[in-house]
Amino acid sequence: MVLIDFVKGANRNQLRWMILLTVIAGCANAALIVVITNVAKSVANAERPDLVAWMSFLGAFGLYYLANQFALVRSMAIIEDLLNQLRLKVADKLRKSELPVVDRLDRGRLYNLVAKETNHLSVTFPLIVDAVQQVVLLFVAVLYLLYLSPAAFFVFGATVGAGVIGFKVIDSRYRQILKLVERMQAEMLDAILDTISGSKELRLSADRSDALGKAYRKRSTLLERLLVRSVEHWVSLIMLGSVTMFTMLGVVAFAFPKYIAGHNATIFQLVPVLLFCMGTLAKTVTQSPMFIRAEVGLQSILSIDRELSSGSSISPEQARSLGKEYLDFSKITFNGIRFSYDPMDEEAYVVGPLNLTVSRAEIIFLVGGNGSGKSTALRMMTGLLPLQSGWIGVDDKTVTGKAVAGYRELFSSVFVDFHLFDRLYGLEGIDPGQVNQLLAEMELSGKVTFEDGRFNRLQLSTGQRKRLALIAAILENRPVYVFDEWSAEQDVQFRDHFYNGILPELRRQGKTVIVTTHDEKYWKVADRVVKLDLGKIEWVKSKAELEAE
Ligand SMILES: Nc1ncnc2c1ncn2[C@@H]1O[C@H](COP(=O)(O)OP(=O)(O)OP(=O)(O)O)[C@@H](O)[C@H]1O
């Protein structure tokens, strides 16, 4: 069971204590039953419970109370610790996994599992501990049953065996439905995210909005049906418990007096023990859908965890230390680098093989029509996309394996699909004066202020947000800058400042700058212009060649 393997990951000492306390609580509970049935027998014989009976009852109850309380509290601590570790592991892998792995993830499924299913696990785990106690209790009670009446023990075993077969059938159907429920919930979350992201498009078209609403309603109705079916399975489990219990009690009450000799002497003890055993079983069976759901949820979270590990990279400390040896580079060589969006599909878009050498303090423009592969090339050059062939060299060192994470430390970027963080993460000790100076240079002084390590607002125009992203990139002060169509949303004046002010200034500071652009007017700012077409280099022209044209 996945759940058991997961719990095995807990601190061994804590786990041992929890198991010991659970077993003690279960045994104390069973001892209570034995004491009570014996007292019932005495009372039936017109005797009063003696001091030993009283002491046994109080002792067993005290032990049960304390052991149960500590076992449940300890179980909460264990599961919360395990879930915290799991959440941190998934978040950590999300940060470190390769870009294509993260791009492939279904966001709705991820949110659903990490937020909701971990919560369900946390609520369910104490119930599982309680169920383990019930099993211990059942084991002792069944042994007592065997002692009281081997025939009743046999009937109990047979009816429970039949019940288990029924349980297996319902359980496998229930698991299938739960998987469908989980998928549907993820799809609905995706639809909600779509509704938020596409709010403008939806408001401008009643037809589009209506169609999306209908698609959402369809999923919601399907989810409702699936949930009803899952409840039907839950009810089936409860009914199965009742059928098993009454079949057994019926046999003991009606058939035993006829066929079993001496049955009358034990019936007073037998019925409460049987009722107790069945009550324990029924309780566990009734709660089992919650355990099954916890198990299915955990399986899905672990599958996301495995998906992420397939592209896991190295720790930030290792990346920083590996990156140090590249910082003073003179040239970066891209030798036959090639990337396909789907290596299994011959029709998938391929960029490369690209051959290019970029020098320190050089400005390179990547140009070409829409879809010619500029952004993909930029991602390959920065080590964000795993190469299918070719290699990257920094001076005389080839960048392979784990070193790629160190190589990435050379770059500051503003990609076309950049994300603006409200804090300057990684730049915690930055001088606010330097930030404010850049805000002034980017003509954002009146709009945005930098206080307590964060920008006070990010609700800006697209062009202004890009300026803020540029500030963050400049403050990183890395040796290589990559700008992916940065100027596309800038006004004429600021576009000019970008090409004739910012880029030459970066070169003057010894930075290498690689820019994708459609601004042909400014090509002469670059030291070299590389034209891409259908993912391949069509031509490379130097500044002199461009000026001579
Ligand atoms: N995530 C993706 N999955 C699959 N294919 C992709 C993906 N992103 C891009 N592509 C493919 O790669 C091709 C090149 O895209 P890319 O973004 O590199 O072009 P570009 O030159 O930067 O275009 P533009 O000037 O429009 O920004 C596209 O035509 C598309 O077919």
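In this predicted model, the shell around the ligand comprises three nonpolar, seven polar and two charged residues. The residues surrounding the ligand are Asp103, Tyr341, Tyr349, Gly368, Asn370, Gly371, Ser372, Gly373, Lys374, Ser375, Thr376 and Val416. Helix H11, residues 374-381, makes the greatest contribution to this shell, with three residues.

Helix H11 is itself largely enclosed by the rest of the structure, because six of its eight residues are buried. The buried positions are Lys374, Thr376, Ala377, Leu378, Met380 and Met381. Their cover includes strands E1 (331-340), E2 (350-359), E3 (363-367), E9, E10 (512-516) and E11 (528-533). After H11 comes Gly383, which has a positive phi near 80°.

The strands E6, E9, E10, E3, E11 and E12 form, in that order, an open six-stranded sheet of mixed pairing. Its edges are E6 and E12 (536-542), each of which pairs on one side only. On average, neighbouring strands of the sheet are turned by 15° against each other, direction ignored. Two of the pairings are set out below.

| Strand pair | Sense | Bridges |
|---|---|---|
| E6 (411-414) and E9 (480-484) | parallel | four bridges |
| E11 and E12 | antiparallel | six bridges |

Within the second, Arg528 has Ser542 in E12 as its bridge partner. Although E6 is an edge strand, both of its faces are covered. Phe411 and Ser413 are buried on one side, and Ser412 and Val414 are buried on the other.

H11 lies across E3, E9, E10 and E11 and runs at about 150° to E10. Helix H15, residues 492-508, lies across E3, E9 and E10, also running at about 150° to E10.

A further helix pair is formed by H5 (residues 107-148) and H6 (residues 150-197), whose axes come within 13 Å and cross at roughly 175°. The two helices are therefore roughly antiparallel to each other. Their contact has 12 nonpolar, three polar and five charged residues. On the H5 side, the contact involves Arg107, Gly108, Arg109, Tyr111, Asn112, Val142, Leu145, Leu146 and Leu148. These meet residues of H6 including Pro150, Ala152, Phe153, Phe156, Glu182, Gln185 and Leu193.

Technical notes: Residues are numbered from 1 along each chain as its sequence is written. This is a predicted model: local features need pLDDT of at least 70, side-chain atom pairs count only at pLDDT 80 or more; totals for chains, interfaces and linings use all residues. Axes are lines fitted to C-alpha atoms, for helices over the stretch in contact, and angles run from 0 to 180 degrees between N-to-C directions. Angles under 35 degrees count as roughly parallel, over 145 as roughly antiparallel, 65 to 115 as roughly perpendicular and the rest as oblique. Two residues are in contact if their C-beta atoms, placed from the backbone, lie within 7 Å. Ala, Val, Leu, Ile, Met, Phe, Trp, Tyr, Cys and Pro count as nonpolar, Asp, Glu, Lys and Arg as charged, and the others, Gly among them, as polar. A residue is buried if 20 or more other C-beta atoms lie within 10 Å of its own, exposed if 12 or fewer, and partly exposed in between; C-beta atoms are placed from the backbone. Two strands pair if DSSP finds at least two bridges between them. A residue is near a molecule or strand if its C-beta atom, placed from the backbone, lies within 6 Å of it.
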